[in-house]
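These notes are for a colleague who is opening this structure for the first time. Please read them beside the sequence and the 3D view.

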Amino acid sequence: MKKIIMLAVGLLFALAGQAAKQVTITVVNPEKTQRQELIEVDFAPIAEQLALAEDDGFVVKNAFGQQVDYQLTHDGHLLIDVAVRPGGKAQYQVTKGIPTAMKQWVFGKMYPTRKDDIAWENDRGAYRVYGPALQRTGERSFGVDVWTKNTPEIVVEDRYTADYDGNILKSIYSRKKQHDKWREEDLRTSFHLDHGNGLDCYSVGPTLGCGTPALMDGDHLVMPYCYRDYEILDNGPLRFTVALTYHPAVVKTDSAVVEHRIISLDKGSNFNKVVVWYDGLSNPCDLASGVVVHSADKDSYVLGKNFVQYADPTDTPEKHNFQIYVATLFPDGAQTRFLPLEKPQGGIEGHALCVVKKLAAGERCTYYFGSAWSKHDVRTQREWQVRIDDFMQSLAAPLQVTVE
């Protein structure tokens, strides 16, 4: 559909002789701090001005005339990764042309070899949600998982491949009771161990993990299980977007509630954006999201204004000796609280939550969740708070973009 629209518009402008040679995108930073983030602009007017036909390529150049990476999203926006000085202005030129190869900063896919996991990453971190194949096993894993990274390269697919191949060999060694070889292979291939670029050591289980939405029935979290359906809408080079549907547990008398969740992760960001809404609710219901709090560092959570954050101890803190920093942010407002388990179990104390009151059927709620790793670019929980504050401020004062 996008190509058809571009072709029709391009032909009209070509016939009218009104095609522009270039379009200028101007970005103004209203803040007194440096900004480095993605901007998005409606691409249709740009295509009109350049009279882009179906097969026409285009390039985006910075003030030096260098090509910069860009992306067209599923909903018709042009993404550009921009840098703007405090109180400054930056300009980018869009012209017809053949772009050079762009670096893949984000990537995600479904992994049928690992029980239908959907995992995605950018240059700062990686995440996964669990699928119907895992749910059929009876394993109770509800929330969003966090995988650490310390490299801008795409690494998650290689981790899955190595882990899968290693599991095949380990099963052979196990049958032969070759325990030393089993252990050697596990040390070499398991994605639960760091082989130089990060690992999976975040404990989720029957919790929200990092940033999963849940309806509330009084003081009870009505958690979704694993996703039912998915569609990957964007897959780089600058943004990953996936649409997910879930059947959460029954809320009071509503037995046909369907959760819709759209998650996107941009290059350079510690935070995923979530848009969530529910069909089938008879009455408005409170919505919560947050992070699981574990016993090892049960007092390190922070209940802030419209956010919660936590220094997670990992699944085996006495061996890893580092922390994973997690947070959930509600820039449009939410109440924060700690919801303990009645009986802490499995190392789980409860959840640090943001709660939005009385979400109606079909009403959309937007929030953010994310993470950082103490062995990478956020070394302490104090630094994590600074990262959260800066991100929240950038949402409150967005970059000002004009197209001409």
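1. Terms for strands. Two strands count as paired if DSSP finds at least two bridges between them. Helices (H or I, at least four residues) and strands (E, at least two) are DSSP runs, numbered from the N terminus.

2. Basis. This is a predicted model, in which local features need pLDDT of at least 70 and side-chain atom pairs count only at pLDDT 80 or more, while totals for chains, interfaces and linings use all residues. Residues are numbered from 1 along each chain as its sequence is written, and side-chain values use heavy atoms, with hydrogens and water left out.

3. Strand β9 and its neighbours. β9 pairs with β10 in the antiparallel sense over four bridges, and R128 has D145 in β10 as its bridge partner. Strand β8 (residues 117–121) also runs antiparallel to β9, joined to it by four bridges. Here W120 stands opposite Y127 in β9. Three residues lie between β8 and β9, and the two strands form a hairpin.

4. Burial of β9. Why is strand β9 described as largely enclosed by the rest of the structure? Because five of the five residues of β9 (residues 125–129) are buried, where buried means under 20% relative accessible area, exposed over 50% and partly exposed in between (1.4 Å probe, protein chains only). Both faces are covered, with G125, Y127 and V129 buried on one side and A126 and R128 buried on the other.

5. Terms for spaces. On a 1 Å grid over the protein atoms alone, a cavity is a set of points where a 1.4 Å probe fits but cannot get out; a pocket is an open set with protein on both sides within 12 Å along at least five of seven lines, and lining residues have an atom within 4 Å of a point. Grid points are joined across faces, edges and corners, and a volume is the space filled by probe spheres set on the points. For residue classes, Ala, Val, Leu, Ile, Met, Phe, Trp, Tyr, Cys and Pro count as nonpolar, Asp, Glu, Lys and Arg as charged, and the others, Gly among them, as polar.

6. Cavities. There are two cavities of 30 Å³ or more. The largest cavity holds about 40 Å³ of space, and its lining consists of R124, G125, V146, W147, T148, K149, S371, A372 and W373. Two or more of these residues come from each of β10 (145–148) and β23 (365–373). The lining has four nonpolar, three polar and two charged residues. The second largest cavity holds about 30 Å³ and is lined by Q67, V68, D69, Y70, P99, T100 and M102.

7. Largest pocket. How much space lies in the largest pocket? Its volume is about 1,300 Å³. It is lined by 40 residues, of which E37, L38, D266, F391 and L395 are the closest to its centre. Elements that supply at least two lining residues each include β2 (35–42), β15 (258–266) and α7 (381–396). By class the lining divides into 13 nonpolar, 11 polar and 16 charged residues.

8. Second largest pocket. This pocket has a volume of about 500 Å³. Of its 18 lining residues, P206, H220, L221, M223 and L341 lie nearest its centre. β12 (220–222), β21 (335–345) and β22 (348–359) each give two or more residues to the lining, and β21 gives the most, with five. The lining comprises 10 nonpolar, five polar and three charged residues.
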